[in-house]
Amino acid sequence: QISDFDAATRGPTLPSRSHLCTPFMADAPFLSPHPRALAPSDIVLGAIWIAPGGGEQGDGTRGDPGQDNATATVSAAIAHGVREFDTAPWYGAGASEERLGGAIAALSEEQRQPLQVGTKAGRLYTEADGREATGPFGDLHALRTRVCTNDYSAAGARRSLAASLARLGVPRVTTLRIHDPNDNSNNRRGDPHFADEVAEALGEGGMAEGLPTWWTKSADC
């Protein structure tokens, strides 16, 4: 399967995507087989690690490194030429977006100008009482009671993006990717109630309706 689709016009973002399937790699028109040296600006920093895990039903139970650590990590990356940051609601049940947003808020306007921030859609998080999970997560216990539901519709993408922007504290993101359709903690192949989320995303009313056909071939490897 492919974990991440890029909803921006530039196509999929492919740093270190060792899990991509061969048909996708063969068909993708923008890839070159020739190796090249990476500049710092080619590197995407994954913000999953600047936040605690979302729990046993989420992305693990790692501890909280704290906002100061997140701010220092982002600042050091920028100082060394990194310009793009990747996050997702799934990363820490929204905590990764919150931590990244806090780090961005601590930057100067000059430092923020060249930044590119990408997040993902497909999974929606609410608090245990049903409220949108857009506020500060508080302690780890509260964070890990957040509820994840899957929604690969266009309406779900809009709702997910609105929540992500609130957690990040930014007015827009550079990229919005589709996260783990057909292979995630709520929907696995072989399960009795398995639903084809790739078909949902690519079909009428889906968040990726109208994508080129080579995407559909790569999505169901």
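This is a predicted model: local features need pLDDT of at least 70, side-chain atom pairs count only at pLDDT 80 or more; totals for chains, interfaces and linings use all residues.

Modeller: Let's start with a strand pair. Strand 5 and strand 6 (residues 147-150) run antiparallel to each other and are joined over four bridges. Strands here are DSSP E runs of at least two residues, helices are H or I runs of at least four, and both are numbered from the N terminus. Two strands count as paired once DSSP finds at least two bridges between them. One of the partners to look for is T149 in strand 6, bridged to L124. Strand 5 covers residues 123-126, with R123 and Y125 pointing one way, L124 and T126 the other, and all of them buried. Buried means under 20% relative accessible area, exposed means over 50%, and partly exposed is in between (1.4 Å probe, protein chains only).

Numbering runs from 1 along each chain as its sequence is written, and side-chain values use heavy atoms, without hydrogens or water. pLDDT is the predictor's confidence per residue, from 0 to 100; the protein averages 84, with 81% of residues at 70 or more.

R131 and D129 meet in a salt bridge at 2.7 Å, N to O; a salt bridge is a side-chain nitrogen of Lys or Arg within 4 Å of a carboxyl oxygen of Asp or Glu. D129 is exposed at 54% relative accessible area. R159 forms another salt bridge with E132, with the closest N and O atoms 2.6 Å apart. R159 lies in helix 6 and E132 in the loop between strand 5 and helix 5, so this pair ties together parts 27 residues apart in sequence. R159 is partly exposed at 37%, and E132 is partly exposed at 34%. The whole structure has 13 salt bridges.

Now for helix 3 (residues 95-105), which has the highest mean pLDDT of the elements, 98. Nine of its eleven residues are buried, so helix 3 is largely enclosed by the rest of the structure. What covers those buried residues includes helix 5 (140-143) and helix 6 (154-168). E98 lies in helix 3. E98 is buried but has no salt bridge, the nearest side chain of opposite charge being R99, 4.5 Å away. For this count Lys and Arg are positive and Asp and Glu negative, with His and chain ends left out. The E98 side chain does reach the backbone nitrogen of F137 at 3.2 Å. Beyond neighbours within four places in sequence, E98 is in contact (heavy atoms within 4.5 Å) with Q67, G135, P136, F137 and R167.

One last thing to click on is A93, in the loop between strand 3 and helix 3. A93 has a positive phi of about 55 degrees, though it isn't a glycine. Most residues other than glycine have a negative phi. A93 is also buried, at 1% relative accessible area.

Conventions:
A polar contact is a pair of N or O atoms within 3.5 Å; within protein, one must be able to donate a hydrogen and the other to accept it, and residues adjacent in sequence count only if both atoms are side-chain atoms.
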